[in-house]
Amino acid sequence: MLETNKESFTLSPEGLAEIQKELKRYETKESAIIPALYVAQRENKGFITTDIIHYLSKIMDIPASRINEVFKFYTMFNQKPVGKYHVQVCTNISCALEGGRELADHICHELGVKYDEVTSDGRFSVSRVECLGSCGTAPMMQVNEKYIEKLTPESAMNILRGMK
Amino acid sequence: MEVKYLTEFYHLDEFRFLDGYKKHGGYVQLDKALKMQPQQIIDEVKASGLRGRGGAGFSTGMKWSFLPKNNEPRYLVCNADEGEPGTFKDRLMMERAPHQLIEGMIISSFAVGSKKSYIYVRGEYDFPIKVLEQAIEEAYKAGYLGKNILGSGFDHDMDVYRGAGAYICGEETGLISSLEGSKGQPKLKPPFPAVQGYLRKPTIVNNVETLAAVKYIIRDGAQGYRKYGTEKAAGTKLFSLSGNVKTPGNYEVPLGYPLMDLIMKEGGGMKPGRKLKAVIPGGSSAPVLTAEEVAKATLDYECLAGLGTMLGSGAVIVIDDSQCMVDMLGVLMHFYHHESCGQCTPCREGTGWLNKIVHSILEGRGRLQDIDLLIKVADNMKGRTICALSDAAALPVLSFVSKFRDEFEFYVREGRSKVRGNFYAQMHH
């Protein structure tokens with residue numbers, strides 16, 4: 001089940017303008033679905049709800065089912081809340097060879113949280129993800145948009161503890 | 001030895017920006033190309049022997065020749081959805097040399113007659129996307145993009161499209177589905193994209209490194225480009241070296257370079273006290289090689305095919321003797337199961353079964369017949385689906401199990417890894 005917003009969702013005027021621009025940017029307006037989901041996710045603290053799908057459907061004039069299937073297909077759209085800092089640790093092969101899985105376990109343990117859950121203060125969520133193209137600098141994590149590479153369990157925790 | 005052909009100026013920060021790029025020969029080849037006949041460029045690319053650097057290794061000039069000979073609008077799409085585990089070269093190319101790619105794309109677009117191109121970049125590559133967008137803006141301002149480029153009468157627009165996290169979008173028809181605003185599910189070929197691609201229009205999809213190389217073929221000519229490499233594998237290639245080596249990273253070497261040299265010289269060799277056990281030479285989908293096979297391998301399409309594997313994307317993943325092969329296959333099967341798009345039954349169900357069976361062995365619940373069951377499931381997945389993901393999942397299974405069968409049998413018999421003992425139980429799942 002998807003989360004629902006307590007109040008009905010609306011975008012900021014800037015967000016709305018951004019989506020209107022995307023609708024005209026490509027040859028077909030359906031190509032604006034992915035960009036629109038990015039805008040909405042950014043304005044809803046990092047995740048998408050059913051209300052958002054219906055809202056986007058209305059403003060983009062695209063069936064909600066069409067937007068929903070795109071939303072569900074791509075891993076960068078979150079189906080439940082994430083922390084202010086969403087920590088994604090690569091556990092695919094090159095990182096696994098260099099301790100990526102142990103790093104992910106350590107971060108969870110230190111933050112006192114299970115995978116894909118948010119810490120009680122709302123600051124962090126931790127996920128294990130597939131290859132991020134940072135294999136020569138393994139192990140690594142992506143915190144929100146930023147890649148942080150060549151980590152040890154200690155250096156990763158020092159960096160995370162510095163994020164307020 | 002490393003050859004800095006495409007990567008000559010990658011160490012310079014200024015190369016990222018238009019002024020710095022121009023200081024080192026930037027956009028000179030565009031001017032030269034626009035004075036040539038498009039067919040002349042296609043012939044030159046064909047004669048250069050350039051083959052797709054994304055994974056399939058198909059002749060670039062040949063791919064371009066499949067376009068219909070009419071005036072129908074067509075698209076060029078750069079595949080920058082770099083997601084093959086172990087691969088990180090396109091990221092480097094976009095971050096360090098965005099104009100090199102853009103110049104290559106304008107020349108290629110002129111050759112194939114495309115007025116619009118897209119760079120489809122994986123969504124996680126936030127920084128490369130920003131670098132590219134800025135570079136495209138610079139190129140428009142300088143008149144390298146837009147109307148009547150350098151007075152040639154050729155018009156061309158370019159844009160970046162950001163993916164959203166799906167390995168399958170690296171498959172060219174999956175990429176096109178995604179660009180059209182759909183789930184990134186591959187389409188049945190034929191029709192090939194060159195005939196019917198983006199919005200059902202003729203579309204050429206080429207990898208970042210392939211398109212970046214086009215500029216150098218214009219500069220040095222087909223014969224000049226062939227200075228490096230072998231007859232059937234011309235030019236240099238960027239190899240992404242990762243795993244258990246001392247100095248992982250991207251290294252540009254001539255095709256045909258010995259794999260062992262890449263590991264021991266560029267990669268600095270194995271870590272203290274460790275021995276080479278296995279190498280995946282072309283991204284996670286390529287069958288694994290044993291250390292004995294590595295000693296015989298050169299980095300070109302033919303030699304690796306002869307060893308039953310492939311050059312793929314050029315991602316060389318090095319595995320040392322402290323690693324458990326059952327565990328590594330578990331990592332790979334989790335990945336393919338997660339990334340199967342779900343269209344074709346053999347892949348959707350097969351990747352699920354492979355993942356479950358390997359993990360039941362890892363959890364100590366394996367039976368001896370499960371090892372053969374892995375082979376049976378993998379065999380049934382090969383060549384039976386719309387795209388190559390199913391084969392990409394099956395091939396590692398067949399090679400891991402056949403070459404390291406003793407590790408799988410030991411794990412089943414003893415309920416623990418031959419190399420790492422009870423490590424698996426201590427990891428969170």
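Let me start with a definition: a residue is buried if 20 or more other C-beta atoms lie within 10 Å of its own, exposed if 12 or fewer, and partly exposed in between, with the C-beta atoms placed from the backbone. A nonpolar core is then a set of buried Ala, Val, Leu, Ile, Met, Phe, Trp, Tyr and Cys residues joined through C-beta atoms within 7 Å.

Hello everyone, and a word on what you are looking at. This is a predicted model, where local features need pLDDT of at least 70 and side-chain atom pairs count only at pLDDT 80 or more, while totals for chains, interfaces and linings use all residues. Residues are numbered from 1 along each chain as its sequence is written, and chains are lettered from A and ligands numbered from 1 in the order in which they are written.

Let's begin with chain A. Chain A has 7 helices and 4 strands; helices (H or I, at least four residues) and strands (E, at least two) are DSSP runs, numbered from the N terminus. If you walk along the sequence, the pattern of chain A reads α-α-α-α-β-α-α-β-β-β-α. The C-alpha trace of chain A spans about 50 × 35 × 30 Å along its principal axes. Of the 164 residues in chain A, 40% are buried. For contacts, the rule is that two residues are in contact if their C-beta atoms, placed from the backbone, lie within 7 Å. Among the contacts in chain A with a separation of 6 or more, 61% are between residues 24 or more positions apart.

Domain bounds here come from an automatic or database domain assignment. For chain A the assignment gives domain 1 (13–73) and domain 2 (85–161), with C-alpha centres 29 Å apart.

Now to chain B. Its domain assignment gives domain 1 (13–225), domain 2 (236–320) and domain 3 (325–426). Taken over C-alpha atoms, the centres of domain 1 and domain 2 of chain B are separated by 27 Å. Between these two domains of chain B, 13 residues of domain 1 are in contact with 16 residues of domain 2. On the side of domain 1 of chain B that touches domain 2 of chain B, there are 3 nonpolar, 5 polar and 5 charged residues. In this scheme Ala, Val, Leu, Ile, Met, Phe, Trp, Tyr, Cys and Pro count as nonpolar, Asp, Glu, Lys and Arg as charged, and the others, Gly among them, as polar.

Next, the inside. In soluble globular proteins, nonpolar side chains tend to be buried together. Which residues touch the most other members of the largest nonpolar core? In that core of 175 residues, they are B:V77, B:C78, B:L101, B:Y120, B:L262 and B:V279. Take B:L101: leaving aside its neighbours within four places in sequence, B:L101 is in contact with B:C78, B:M93, B:M94, B:V208, B:L211 and B:A212.

What does strand 1 of chain B pair with? Two strands pair if DSSP finds at least two bridges between them. Strand 1 runs parallel to strand 2 (residues 116–121) of chain B, joined by 6 bridges; B:V77 stands opposite B:Y118, and B:A80 opposite B:V121. Strand 1 also pairs in the parallel sense with strand 4 (residues 203–207) of chain B over 5 bridges, where B:Y75 stands opposite B:T203.

Strand 2 of chain B is largely enclosed too, because 5 of its 6 residues are buried. Strand 2 pairs in the parallel sense with strand 3 (residues 157–162) of chain B over 6 bridges, with B:Y118 opposite B:D159.

Finally, where do the chains meet? There, 43 residues of chain B are in contact with 32 residues of chain A. Strand 5 (236–243), strand 6 (249–254), strand 11 (315–320) and helix 13 (325–339) of chain B each supply at least two residues of the side of chain B that touches chain A. The largest share of that side, 6 residues, comes from helix 13 of chain B. By class, the side of chain B that touches chain A has 17 nonpolar, 18 polar and 8 charged residues.
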